[in-house]
Amino acid sequence: GKPPNVYTFAGVAELAPSLRAYVLSAQNAAIERHGTFRVAVSGGSLPKTLAQALLAKSDGSSGDVVDFSKWEIFFADERCVPLDHEDSNYKLLKDELLDKIPKEEVGEPKVFPIDEQYLDDAQEMADQYEKALVSVFAARDSVKLPLFDLLLLGCGPDGHTCSLFPEHPLLRETDAWVLSISDSPKPPPKRITLSLPVVCHGAKIAFVATGGGKKDIMKKIFETEEGRALPCGLVNEGAGEKVSWFTDAPAVEGVSVP
Ligand code: 6PG
């Protein structure tokens, strides 16, 4: 297949308007297709960048309207901690974006956090989150994989994305939509994550990777065999031109990107 798209900007401030245009184009297409916009988001720096993109003032054109009332937001991965815990990706998104949405003007997204009832049992947590996905994306037996309109992801310094870590057996899971991990190399150890096939099945997948700390891993992912086998590389491989990387100059300095 075709290679992913890589877009590079001077910095996050310059990247944000393009990320906005990209997200809104996906939003408008999805609403046109099925009336809602189904998005999965990860943690890290992404919620902050996303807020910068989405809470900015509209340019007034008809396509440049964030219609949050049509959004259904899921977590690409989540830590098995209470929703008000510092490590919670839900809390991160809430603090950075959800709480800042002017709901009276633009409506309110439907958000799908993990169920705190299952914090002690990561596998049960994953099964329950999968059930929530099934209830939205149709019954398991009629849909092989959930079709997210857009997945917004980060890339860790080791090449992980979601909570899919390099060389972890979870990368070989092909059946379940949502997986549990109890030995995450990055704390906290207990997490749930979308599976690699679910990520690659998405209509569109965007990575946001900025800052000089990303240079080495970007070089590896885009220039080496080893890097192509890392989780982010596997998404590039599996989803090809559906994938877009939003990067800044420091993150791709000296990297041969497509
Ligand atoms: C996690 C983080 C992690 C993060 C990447 C990229 O659960 O450990 O959410 O997956 O998304 O490490 O982080 P940055 O976007 O902050 O570089």
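1. In this predicted model, strand 3 and strand 5 (residues 110-111) pair in the parallel sense, with two bridges between them. Within that pairing, Ile-73 lies opposite Val-111 of strand 5.

2. Strand 3 also pairs with strand 2 (residues 37-41), again in the parallel sense, over five bridges. Here Arg-38 is found opposite Glu-72 of strand 3. Together with helix 2 (residues 46-54), strand 2 and strand 3 make up a right-handed β-α-β unit.

3. Is strand 3 enclosed or open? Strand 3 spans residues 71-75, and four of its five residues are buried, so the rest of the structure largely encloses it.

4. A further point concerns the open sheet formed by three strands in the order 4-8-7, where the pairing is antiparallel. From one strand to the next, the twist averages 15 degrees.

5. Between strand 4 and strand 8 (residues 191-194) there are three bridges, in the antiparallel sense. Arg-79 has Arg-191 of strand 8 as its bridge partner. Helix 5 (residues 122-137) lies across strand 7 and strand 8, and its direction is at about 165 degrees to strand 7.

6. The ligand has around it Ser-42, Gly-43, Gly-44, Ser-45, Leu-46, Asp-77, Gly-154, Cys-155, Gly-156, His-160, Ser-163 and Lys-186. By class, this shell consists of eight polar, two nonpolar and two charged residues.

Definitions and conventions:
Residues are numbered from 1 along each chain as its sequence is written. This is a predicted model: local features need pLDDT of at least 70, side-chain atom pairs count only at pLDDT 80 or more; totals for chains, interfaces and linings use all residues. A residue is near a molecule or strand if its C-beta atom, placed from the backbone, lies within 6 Å of it. Ala, Val, Leu, Ile, Met, Phe, Trp, Tyr, Cys and Pro count as nonpolar, Asp, Glu, Lys and Arg as charged, and the others, Gly among them, as polar. A residue is buried if 20 or more other C-beta atoms lie within 10 Å of its own, exposed if 12 or fewer, and partly exposed in between; C-beta atoms are placed from the backbone. Two strands pair if DSSP finds at least two bridges between them. A crossover is right-handed if, with the strands pointing away from the viewer, the path from the first strand over the helix to the second runs clockwise. Axes are lines fitted to C-alpha atoms, for helices over the stretch in contact, and angles run from 0 to 180 degrees between N-to-C directions. Two residues are in contact if their C-beta atoms, placed from the backbone, lie within 7 Å.
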